[in-house]
Amino acid sequence: MIAPELIAPFQMGVLFLLIVVALTIFATEALSIELTSLAVIAALLVFFHFFPVIGPDGEDKLDLRHLFSGFANPALIAVLALLVLGEGLTRTGVLDEAANTVIQFTKQNRAVAVALMLVVVMFFSAVLNNIPVVVLFVPIMQVLTRRFRQSPSRYMMLLSFASVLGGMTTLIGSSTNLLVSLELDDLGEEPFGFFDFTVPGLVLAGSGLIYLFFVAPRLLPDRAPLGGVMEERSRHFMAQVSVTQGSRLVGLAPVGGIFPDLKDVTVLMIQRGERAMVPPFEDLTLEVGDMIILAATRQALGALAKGEPELLHPELMADAFRGPEENHDGEATAHRPPWTVSGQIQAEVMVRPESEVVGRTLEEVGFRYKHHCVVLGIERRSRMLRERITRIPLKDGDVLLIQGRPEDVDRLRGERSVVLMEWSRQPLVTPQYQRIAAAIFLAVIAASASGVVPIALAAFCGASVMIASGILSIGDAVRVLDRKIVLTIAMALALGSAMQETGGATFLAEQLMSAMAGASPGHVLSAFFLLMALLSNVLSTKATAVLFTPIAVDLARVMGLPVEPFAVAVIFASNCSFASPIGYQTNLVVMTPGNYRFMDFVRVGLPLILLVWVAFTLFAPWYYGLPR
C-alpha cells in the first residue's frame, strides 16, 4: 500500500514512464500507431482506476468518463467532419479546379506552385482555424503532386507546418492564441489585441517558411502513397468515345496529324460509318456519330469526360428512358443512367487465367448486365488494339477499367472470372454538385471564422448536409474516417488530461524555474520557450497553453518583468508541435495522405522547432526590451 503523501509523486512517475515508453514505440515503429494509441489509453484507464486522482471536492479527476472523453471531444469531431467535407469537395471536382488555377497562375513551375501554396496556407491560417485550411489544401496538393509527377510525401507535411506558422501571427490564427488571451484576462492581466504579437509572429513564420521551402523537402521521404497508386499511374487504357450531338468534340480538327485539344490522349482510330481512319489524320473534322478509339490514362480519361460523362458510354443513353427495371432487391425503380447516380466509383479488374470470359467479347459476356458495372477501357500490355472495346476478345491478364456503384464493385471480389484490384478504387467526380459542395464548405468556413458557431458544430452540420444532398453516401463518409486520427487524438487528449490533473506539467515548469534561478531574463525566457515547445509535442497545444499561462504570469511577476513577452512565449511555443504526429490535429490530417511515419515528423519537425526557438531567442528579448 502506498502512503497518501507518496501517491502524487508515484502517479507522476508512472505517467512520465508511460510517455517515454509510448514515444519509444512510436519512434521505433515496433507497433502500429493505432495499436500503440489503444495500449496507452488502456494503460491510463487501468492505472488511474487503481490509483485515482481525487480532487478537493472528492471527485475522481481521471475516471473512465474523463479519460474516454477524447473520443467525443469537439476537436476530434471537427477533424473527422472536415475530412468528410474535404472528400465531398474532391468528389465534385472543386479541388481540381483550384489546382488547375494554381498551375495556370504559376505557369507550370513546380517550385513557384509549392511556394504559392505555402504562402496562401499561411495567410488563410492567420485568420481561419488551421484544421479546415489544411483539409482544404491537402487534396489540392495531391492533385498538384500528381500533375508534377512528385510523391505527395515530399510536400504534405509542409502544409501542416505552414498552417501552424501562419496561426502564430494573429489573435484568431489559432484557438490556442485565444485561450491564452482569455486566461490572461482571468488572471487580471491585459488580454491580447488582434495584432499585438503579429511582428514577432511574422519573424518566426518567415524563418520557418524559408526552412519549409529550401530544407524540409530534402529531409522528407520520397514514398509512394498508400495503396500503390503511384506504381500504376502510367497504365494506359484503350477506350472508345462517341461524338454526340452538342458535344464539345464536334468540329475538332487535327493539327499536324494529331488532335492537340485532346490532351494526354492518343487517338488510335476514328470510325465513321463503315470507314475506319488511322493516324496521321489529315483534312478531317469530327462529326456527330464518329466513334473515336483512343488510349489514355485514367486521369486523362476522367479529364476528357469531365462535364460529359456520356462520352465514354453513350450507348447507355438509350436505356435512360427505358422505363422501370428491377433493382438488386427485386423492387421496381425508375432507371437512371449510371453517370447520373451519385456515389459512383471506378476500379480496375484483371481477367483471370483460364477464365470462362477468355476468348469472348464484352458483348458476348454481357458484363454490364451481369455485374451492373460499365467497362470504360481495356489495357493489354502486349499490344495496342484498334477496335471497339466491346468487340475485342478478352485475354487472360487484360485489365478492365470499370465504373459502378460501390456495392456492385464490391461484389466482384467473389467473382471467379476477374480479380478486383483493391487499391484501384477511386470515387468518380460528379461536377454537377460542384456549386452545392463549394457553398456548403464556404458556409462552414464563414460560420466558424465569424464565431457564430464553434468549428465542430459548423463542420458536423456541413458534413451532414453533404450526405443529405447526395454528394456523399453514408458509406462514403464512413470510409473517410481514419481510425489512426481517431485513436491518436483520443490518446493525446487523455495524456494531456493526465499530465494536467497529476501536476506533471506544473512539476516540470517548477523545476525549470529552480534551475534558472539567477539567470538573465532573456535566458529564462529562452529556456521557458524551449521547454514548452518540446512538451507541446507530447501534450495537446491547448493543454500546454492552459498549464503554462499561469506559470508565465507568476514567472514574470517574480522577476519584476512585463507579462507580455512570457505570454507571447506561451502562444508561440504551444504551437510548436512539429516533431510529433500527435502534437497537433493538422499533423494527423496529413499523415495518411503523405504516408508518413512517426520518425518522419521527428526528422523534419525537430530542426524546425530549434530554428523557431533560435529566432525567438534572438528577436524577442530585443523586441520587448529584456536584458539578455
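Buried means under 20% relative accessible area, exposed means over 50%, and partly exposed lies in between, with a 1.4 Å probe and protein chains only. By that rule 10 of the 11 residues of helix 23 (residues 564-574) are buried, so helix 23 is largely enclosed by the rest of the structure. This is a predicted model, in which local features need pLDDT of at least 70 and side-chain atom pairs count only at pLDDT 80 or more, while totals for chains, interfaces and linings use all residues. Residues are numbered from 1 along each chain as its sequence is written, and side-chain values use heavy atoms, with hydrogens and water left out.

**Helix 23**

- The buried residues of helix 23 are Pro565, Phe566, Ala567, Val568, Ala569, Val570, Ile571, Phe572, Ala573 and Ser574.
- Helices here are DSSP runs (H or I, at least four residues), numbered from the N terminus.

**Cavities**

- The whole structure holds 2 cavities of 30 Å³ or more. A cavity is a set of points on a 1 Å grid over the protein atoms alone where a 1.4 Å probe fits but cannot get out, and lining residues have an atom within 4 Å of a point. Grid points are joined across faces, edges and corners, and a volume is the space filled by probe spheres set on the points.
- The largest cavity contains about 50 Å³ of space. Its lining consists of Arg110, Ala113, Val114, Met141, Leu144, Thr145, Phe148, Gln150 and Tyr155. Helix 6 (110-125) and helix 7 (130-147) are the elements that give two or more residues to this lining.
- By class, the lining of the largest cavity has 6 nonpolar, 2 polar and 1 charged residues. Ala, Val, Leu, Ile, Met, Phe, Trp, Tyr, Cys and Pro count as nonpolar, Asp, Glu, Lys and Arg as charged, and the others, Gly among them, as polar.
- The second largest cavity has about 40 Å³, and is lined by Val351, Val357, Leu362, Val365, Phe367, His371, Leu394, Leu400, Ser417 and Val418. Two or more of these residues come from each of helix 13 (362-365) and helix 14 (367-371).
- The lining of the second largest cavity has 8 nonpolar and 2 polar residues, and no charged ones.

**Surface patch**

- Val127, Ile172, Leu178, Phe194 and Phe195 make up a nonpolar surface patch with about 400 Å² of accessible area together. Patch residues have over 30% relative accessible area and no salt bridge, and nonpolar side chains (Val, Leu, Ile, Met, Phe, Trp, Tyr) are joined within 5 Å, like charges within 9 Å. Accessible areas come from the Shrake-Rupley method with a 1.4 Å probe, and for residues only the protein chains shown count as cover.
- Val127 sits in the loop between helix 6 and helix 7, and is partly exposed at 34% relative accessibility.

**Salt bridges**

- There are 12 salt bridges in the whole structure; each is a side-chain nitrogen of Lys or Arg within 4 Å of a carboxyl oxygen of Asp or Glu.
- Arg405, Glu407, Asp408 and Arg411 are linked in a salt-bridge network.
- In the pair Glu407 and Arg405, the closest N and O atoms are 3.9 Å apart. Glu407 is partly exposed at 38%, and Arg405 is partly exposed at 29%.
- In the pair Arg411 and Asp408, the closest N and O atoms are 2.7 Å apart. Arg411 is partly exposed at 48%, whereas Asp408 is buried at 2%.
- Asp600 and Arg603 form a salt bridge with closest N and O atoms 2.6 Å apart. Both lie in helix 25 (residues 598-624), 3 residues apart, about one turn of the helix. Asp600 is buried at 3%, whereas Arg603 is partly exposed at 37%.

Definitions and conventions. On a 1 Å grid over the protein atoms alone, a cavity is a set of points where a 1.4 Å probe fits but cannot get out, and a pocket is an open set with protein on both sides within 12 Å along at least five of seven lines; lining residues have an atom within 4 Å of a point.
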